[in-house]
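Student: Hi! I have a model open on my screen and would like to talk it through. Could you help me read it?

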Amino acid sequence: MKISVKSVRVMAADAGLPDTLIDRHLDALCGMALRLRAAERKLCQNKIRGWYSDRNLNKAQLFDILDD
């Protein structure tokens with residue numbers, strides 16, 4: 001999984017963090033972004049696994065499950 005440093009810098013700036021704080025803690029911010037991405041991916045995988053193994057004939061569309 002790859003996350004670009006530029007995207008982390010832009011997200012932090014959009015969140016309102018000052019540039020000095022972003023420059024000082026860029027490695028920690030990148031690590032946090034990777035952990036968040038991994039957690040989101042695991043959550044989506046579990047939702048897909050649950051949808052696939054559901055034996056209900058009237059199960060929701062897959063994209064509706066992922067939007068929740």
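Student: Let's start with contacts: of those between residues at least 6 apart in sequence, what share join residues at least 24 apart?
Tutor: In the protein that share is 27%, where contact means heavy atoms within 4.5 Å. Keep in mind that this is a predicted model: local features need pLDDT of at least 70, side-chain atom pairs count only at pLDDT 80 or more, and totals for chains, interfaces and linings use all residues. Residues are numbered from 1 along each chain as its sequence is written, and side-chain values use heavy atoms, with hydrogens and water left out.

Student: Thanks! How many helices and strands are there?
Tutor: The protein has four helices and zero strands. Both are DSSP runs numbered from the N terminus: helices are H or I with at least four residues, strands are E with at least two.

Student: And what about the overall dimensions?
Tutor: Along the principal axes, the C-alpha atoms fill a box of roughly 55 × 20 × 15 Å. The radius of gyration is 17 Å, while a compact globule of 68 residues would have one near 11 Å. That radius is taken over C-alpha atoms, and the globule rule is 2.2 Å times the number of residues to the power 0.38.

Student: How do helix 1 and helix 3 pack?
Tutor: Helix 1 (residues 5–14) and helix 3 (residues 26–53) meet at an angle of about 95°, with their axes 10 Å apart. The axes are lines fitted to C-alpha atoms over the stretch in contact, and angles run from 0 to 180 degrees between N-to-C directions. So helix 1 is roughly perpendicular to helix 3; angles under 35 degrees count as roughly parallel, over 145 as roughly antiparallel, 65 to 115 as roughly perpendicular and the rest as oblique.

Student: Which residues make that contact?
Tutor: Helix 1 brings Val-5, Val-8, Arg-9 and Ala-12, and helix 3 brings Leu-26, Leu-29, Cys-30 and Ala-33.

Student: Is Cys-30 buried or exposed?
Tutor: Cys-30 is buried, at 16% relative accessibility. Buried means under 20% relative accessible area, exposed over 50%, and partly exposed in between (1.4 Å probe, protein chains only). Cys-44 is partly exposed, at 28%.

Student: How many disulfides, then?
Tutor: The count is zero, taking a disulfide as a pair of cysteine sulfur atoms within 2.5 Å.

Student: New topic: where is Lys-59?
Tutor: Lys-59 lies in the loop between helix 3 and helix 4 (62–67). Leaving out residues up to four places away in sequence, Lys-59 touches Trp-51, Tyr-52 and Asp-54.
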